[in-house]
Structure formats: C-alpha cells, structure tokens
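Start with the helix crossing, then turn to the cavity.

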Amino acid sequence: MANFLSKTHDAALTESLASSLEQRLEQFMHSMSSRALVMMENACQGREDVAMDLVQEAFISLHQKYPHKPITEWYPLFYTILNNKLMDWRRREARRSQRFGWLKVNPLADEDSDTLENIVDEQQVDPSEQVIGSATNEEILQAIQALPVRQQQAFMLRTWEGFDTATTAKVMDCSEGSVKTHYHRAIQTLKQRLAHLDER
C-alpha cells in the first residue's frame with residue numbers, strides 16, 4: 001500500500017512539474033515570439049513562412065534540450081539556437097543558389113572578416129533616441145531589413161533584447177570585436193537612412 005501511495009505521489013509530482021514546465025515555456029514563447037519573428041522576417045528577406053518555421057524549431061529545441069534551465073538563461077539560449085537555425089537556412093539557400101545559379105549574391109556574404117579596430121563598445125542604446133527619431137515602426141523595420149543580416153542581428157540583440165556585447169557574441173558565434181563592428185555599422189547606416197525624419 002505504501003509503495004502504491006509513493007508511486008501515486010511520484011506520478012502526481014511528475015505531472016505537476018511537467019505542467020509547470022509547460023506553463024513556463026508558454027509564457028516564455030508568448031513574451032518572445034513577436035520580437036523573434038520580426039528579427040527572422042528581416043533576416044529571411046521578408047519570408048514569413050521561413051521565419052515562423054525557424055522560430056518554432058528554436059522553441060522546440062529549447063524545450064527539448066534545456067527544459068529545466070532558469071527562464072533568465074533561456075533568453076540567450078533561445079537566440080543562440082535561433083541564430084544557428086538561421087545560419088543553417090542561409091547555407092541551404094547558398095547551396096541552392098550555387099546549384100541552380102538563380103542568385104548572384106551569396107546570402108552568407110557579410111563583413112565578419114572586416115572587423116574595425118578600436119571601436120569603443122557602445123552602451124545600451126535606446127533606438128528611439130539614437131537612431132529612430134520620429135520614424136514610424138514601418139520605416140524603422142524597412143531600414144533594419146535593408147541591413148546585412150549580421151548587422152541586423154547585432155542591432156536587434158543589443159537594442160531589443162538588451163544583451164551586452166559578450167552575450168551577443170556568444171549568440172552570434174563570433175568575436176566581441178565583430179559584434180562591435182556590426183553594431184557600429186548598423187547604427188551609422190540607420191542614422192543615415194532615417195536622417196530625413198529629423199526634418200519633419
């Protein structure tokens with residue numbers, strides 16, 4: 001009888017923990033999905049279907065591999081997984097382009113190898129103050145979408161998610177110097193592209 005009660009208690013505890021985990025994941029997904037989708041749509045040239053697939057796959061991987069990590073650790077882990085899935089998609093697109101010759105531009109091309117030296121790590125930036133001015137959301141997203149993907153990632157992870165340079169570098173799987181370069185170039189480009197809004 002005691003053994004049966006113990007098993008019943010264990011089963012109830014397991015079910016409770018699973019329910020709690022599902023609730024944590026659901027809350028996390030609710031808080032992250034819209035921002036992650038915007039980032040992926042920009043990175044996938046507006047391919048909403050691809051963006052949704054990548055985000056869903058990242059959530060599934062997070063749930064399968066890191067279910068018992070604290071939620072605070074889920075944020076960089078999620079974006080690391082998402083970045084890896086994005087890079088895999090870009091590689092597949094590059095191979096497809098090479099095989100059929102449809103695209104002349106290599107979707108993997110970026111300025112990682114051209115790291116600017118001595119860029120000071122810019123502090124957390126409020127895009128509304130530093131870049132955006134009086135821009136509308138649509139204008140901002142169009143300007144961000146026109147950036148190279150690595151610049152998009154650095155900008156969004158630093159400004160939207162509030163990650164520091166070291167965390168952003170881990171997520172993007174590159175050096176801190178590369179993050180500083182991408183972020184600096186993104187800020188400069190966005191300032192130029194949105195400069196006309198200051199005249200309104």
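The crossing of α6 and α7 is right-handed in this predicted model. The two axes come within 10 Å and cross at roughly 135°. That angle makes α6 oblique to α7.

**Contact between α6 and α7**

- From α6, the contact uses R150, Q153, A154, L157 and R158.
- From α7, T165, T168, V171 and M172 take part.
- By class, the contact holds four nonpolar, three polar and two charged residues.
- Helix α7 itself covers residues 165-172.

**The cavity**

- How many cavities of 30 Å³ or more does a search of the whole structure find? The search finds one.
- The largest cavity holds about 50 Å³ of space.

**Lining of the largest cavity**

- M39, M40, Y79, L82, N83, Q153, L157 and V171 line the largest cavity.
- Elements giving two or more residues to this lining are α1 (2-43), α3 (71-100) and α6 (149-159).
- Which element gives the most? That is α3, with three residues.
- The lining divides into six nonpolar residues, two polar residues and no charged residues.

**Where the two topics meet**

- Q153 and L157 of α6 belong to the contact with α7, and both also line the largest cavity.
- V171 of α7 is likewise part of the contact and part of the cavity lining.

Terms used
Residues numbered from 1 in each chain as written. Predicted model: local features only at pLDDT ≥ 70, side-chain atom pairs only at ≥ 80, totals over all residues. Heavy atoms only, no water. 1 Å grid on protein atoms, 1.4 Å probe; cavity = no way out; pocket = protein on both sides within 12 Å on 5 of 7 lines; lining within 4 Å. Points joined across faces, edges and corners; volume = space filled by probe spheres on them. Helix = DSSP H or I, 4+ residues; strand = E, 2+ residues; numbered from the N terminus. Nonpolar A, V, L, I, M, F, W, Y, C, P; charged D, E, K, R; others polar. Axes fitted to C-alpha atoms, helices over the stretch in contact; angles between N-to-C directions. Parallel < 35°, antiparallel > 145°, perpendicular 65-115°, else oblique. Left-handed = near helix turned anticlockwise from the far one by under 90°. Contact = heavy atoms within 4.5 Å.
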